[in-house]
2 protein chains.
Amino acid sequence: MLAAVIAAPGDIRVEERPDPVLLGPRDAIVRVVAACVCGSDLWPYRGVTPTRAPHPIGHELVGVVTAAGEAVTQVAVGDLVISPFSLADGTCQACRAGMPAACEHVVFFGARDADGHPTDGAQGELARIPFADSSLVAVPGPVDDALIPSLLTLADVMSTGHHAAVSGRVGPGDVVAVVGDGAVGLCAVLAASRLGAARVIAFSRHPDRQELAREFGATDVIAERGEEGVAALRALLGGDRADVALECVGTRESMAQALAAVRGGGRVGYVGVPNGGPELPVRTLFDGNIAVAGGMAPARVYIPELLPDVLSGAIDPGRVFDLELPLAEAAEAYRAMDERRAIKVLLRP
Amino acid sequence: MLAAVIAAPGDIRVEERPDPVLLGPRDAIVRVVAACVCGSDLWPYRGVTPTRAPHPIGHELVGVVTAAGEAVTQVAVGDLVISPFSLADGTCQACRAGMPAACEHVVFFGARDADGHPTDGAQGELARIPFADSSLVAVPGPVDDALIPSLLTLADVMSTGHHAAVSGRVGPGDVVAVVGDGAVGLCAVLAASRLGAARVIAFSRHPDRQELAREFGATDVIAERGEEGVAALRALLGGDRADVALECVGTRESMAQALAAVRGGGRVGYVGVPNGGPELPVRTLFDGNIAVAGGMAPARVYIPELLPDVLSGAIDPGRVFDLELPLAEAAEAYRAMDERRAIKVLLRP
């Protein structure tokens with residue numbers, strides 16, 4: 001099969017690799033219908049995180065099951081499935097408690113599974129999925145091909161934006177500020193709006209992203225950031241601050257902005273991977289009684305929750321894809337996102 | 001009037017001071033029926049926080065209103081009232097949102113009020129209460145004197161223990177670990193039990209506190225602390241961790257213990273004042289999807305919520321007082337708590 005491999009920072013290759021086979025009774029093999037490039041894929045691409053040896057890459061896919069191990073009962077050959085970006089055993093305490101993102105035996109695409117076998121990336125023609133039953137979600141068919149992009153967002157960015165909103169306990173009537181206008185931040189706008197926020201304020205400086213934020217339900221857009229952004233937010237709210245801020249970047253500056261954007265007793269839901277810190281300023285949190293919650297999204301829990309709204313067309317998160325390329329052009333997909341020519345790129349094997 | 005003053009670390013004096021008078025239309029004057037010494041009063045007593053000049057001390061009281069400004073409508077002369085440990089304006093965004101502990105114009109006992117006037121401490125015969133309407137809560141009478149200790153805990157420690165539990169979103173069926181066996185930690189045990197926790201595990205090394213924890217609803221007591229404490233907790237839970245940990249101390253070690261005590265997707269409610277840090281380890285929180293919330297308790301919100309259970313005898317948090325002294329012996333009250341001869345000391349003017 002063909003699959004994308006990162007050989008070194010800036011070096012994405014689409015190579016011929018062995019077709020995956022079932023290695024255990026809980027595995028499934030999926031033929032990828034659509035994959036995509038994530039903002040977090042840009043970290044090794046940019047050398048922010050190291051690439052010690054070439055390895056397959058990508059962690060978001062929609063596909064069709066072509067083989068299933070004998071212990072697999074929840075999905076069957078022929079099913080159209082969505083895979084969460086992390087694979088969970090379904091049996092550890094975190095999984096039982098509904099937080100598979102913190103599974104004690106979590107398996108990431110492209111890394112080793114719980115038995116020590118290497119796994120595939122999602123940016124390929126085929127992928128072996130360990131823990132298939134507790135990871136894959138079947139989509140009831142038939143499915144219009146036009147829905148594929150939105151279904152694909154449930155694998156990661158829409159579930160992650162939703163996790164920011166759920167972690168920030170967004171509810172009806174809330175005033176919500178969203179820090180970050182990448183695909184996740186835009187999905188957080190959509191999620192907050194879907195959960196009934198009265199006002200969703202998107203921080204964004206890019207006209208195309210501002211426009212999509214508004215289409216996703218942002219009632220206001222602020223181009224300033226940092227302290228100026230918070231001042232603009234307070235001016236918008238008559239001196240008040242937001243009830244909830246959704247942090248969708250992961251830098252010191254974005255977290256500081258989120259914390260400064262909420263009122264006393266407010267909440268910050270965060271999903272930006274904290275790339276080496278910063279630590280959270282506990283005295284600021286204590287004095288402001290600000291709750292902070294978040295982490296990797298339990299996409300396996302959210303996919304069934306969000307799926308009906310995607311299938312009905314109530315939400316259309318697939319609009320974050322503003323470029324589609326064949327898998328063979330994965331290198332160009334990375335370049336387009338790295339150079340901010342695209343918000344998010346869909347890849348078709 | 002007589003009132004306790006801290007002159008320097010270790011130096012508590014009961015002195016004659018001017019009787020307070022109404023200074024503004026929103027003030028009330030309260031004759032103190034009972035006050036007490038808080039764990040946080042030991043900080044200046046021990047020199048952990050500086051005492052730049054002698055000042056009145058104490059921030060917990062039950063009393064009777066003896067005068068009320070013309071704008072005061074919610075309490076009247078003759079009312080038995082409980083004062084929260086911090087006074088709030090009732091009008092800022094945080095107050096309107098139900099979080100008066102983060103009031104933009106918060107007034108602390110013994111400090112200056114919003115108009116710049118000095119305020120009294122609670123450990124005295126009388127106290128002027130600014131923001132009376134949005135601070136004081138009247139207790140419907142007649143009230144049995146035996147209830148005074150429990151009513152007094154609503155001013156701070158019981159509301160604070162409850163805040164830990166509310167911040168940790170303790171609910172029916174939860175397994176809850178409580179770090180800290182001071183009066184607040186013990187009240188957190190009581191609060192978690194009251195909110196329906198299936199199992200409440202108290203960390204405590206002191207036999208008298210262990211016993212009170214059990215009477216307050218602790219199902220298990222662990223004498224070990226730190227990593228050993230967490231290992232003991234996991235042994236108790238068959239390898240699992242708690243759903244929620246309540247951090248009631250405020251040190252680096254206690255927060256680390258609380259974070260290590262909860263499962264993936266768990267919650268930490270914290271009310272231990274973070275005395276100079278440490279900052280929260282964001283990567284630990286992110287990887288474990290652990291929510292952290294807390295701060296100073298919005299006692300003004302909790303007093304009416306908890307009051308019926310105190311009046312009915314459903315809860316008896318006043319049992320945290322294991323020593324009662326006349327106000328004149330305030331210095332001995334501090335010594336008894338400093339030397340851990342008492343959990344908490346009640347003072348009667």
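Figure 1. Two copies of a chain are related by a rotation about an axis and a shift along it. The same surface serves both copies, since 100% of the contact residues of chain B recur in chain A. Two residues are in contact if their C-beta atoms, placed from the backbone, lie within 7 Å.

Two notes apply to every view. Residues are numbered from 1 along each chain as its sequence is written, and chains are lettered from A and ligands numbered from 1 in the order in which they are written. The model is predicted, local features need pLDDT of at least 70, side-chain atom pairs count only at pLDDT 80 or more, and totals for chains, interfaces and linings use all residues.

**Figure 2. The side of chain B that touches chain A.** In this contact, 33 residues of chain B meet 33 residues of chain A. At least two residues each are supplied by α2 (93–96), β15 (262–270), α9 (282–288) and β16 (291–294) of chain B. The largest share, six residues, comes from α9(B). Helices (H or I, at least four residues) and strands (E, at least two) are DSSP runs, numbered from the N terminus. By class, this side of chain B has 17 nonpolar, ten polar and six charged residues. Ala, Val, Leu, Ile, Met, Phe, Trp, Tyr, Cys and Pro count as nonpolar, Asp, Glu, Lys and Arg as charged, and the others, Gly among them, as polar.

**Figure 3. The two domains of chain A.** Domain 1 covers 2–156 + 298–348 and domain 2 covers 158–294, with bounds from an automatic or database domain assignment. Their C-alpha centres lie 27 Å apart. Contact is made between 16 residues of domain 1 and 16 residues of domain 2. On the domain 1 side, helix α10 (residues 299–312) of chain A gives the largest share, four residues. That side divides into ten nonpolar, three polar and three charged residues.

**Figure 4. Helices α4 and α5 of chain A.** Helix α4 (residues 157–167) and helix α5 (residues 183–194) pack at an angle of about 55°, with their axes 7 Å apart. Axes are lines fitted to C-alpha atoms, for helices over the stretch in contact, and angles run from 0 to 180 degrees between N-to-C directions. The two helices are therefore oblique to each other. The residues in contact include A:V157 and A:M158 of α4(A), and A:A183 and A:V184 of α5(A). This contact has eleven nonpolar, three polar and no charged residues.

**Figure 5. Backbone features in loops.** Most residues other than glycine have a negative phi, and most peptide bonds are trans. A cis peptide bond joins A:G141 and A:P142, with omega about -5°. A:P142 lies in the loop between β10 (137–138) and α3 (148–153) of chain A. In chain B, a cis peptide bond joins B:G141 and B:P142, and omega is about -5°. B:F131 is not a glycine, yet its phi is positive, about 50°. B:F131 lies in the loop between β9 (126–129) and β10 of chain B.

How values were computed:
Parallel < 35°, antiparallel > 145°, perpendicular 65-115°, else oblique.
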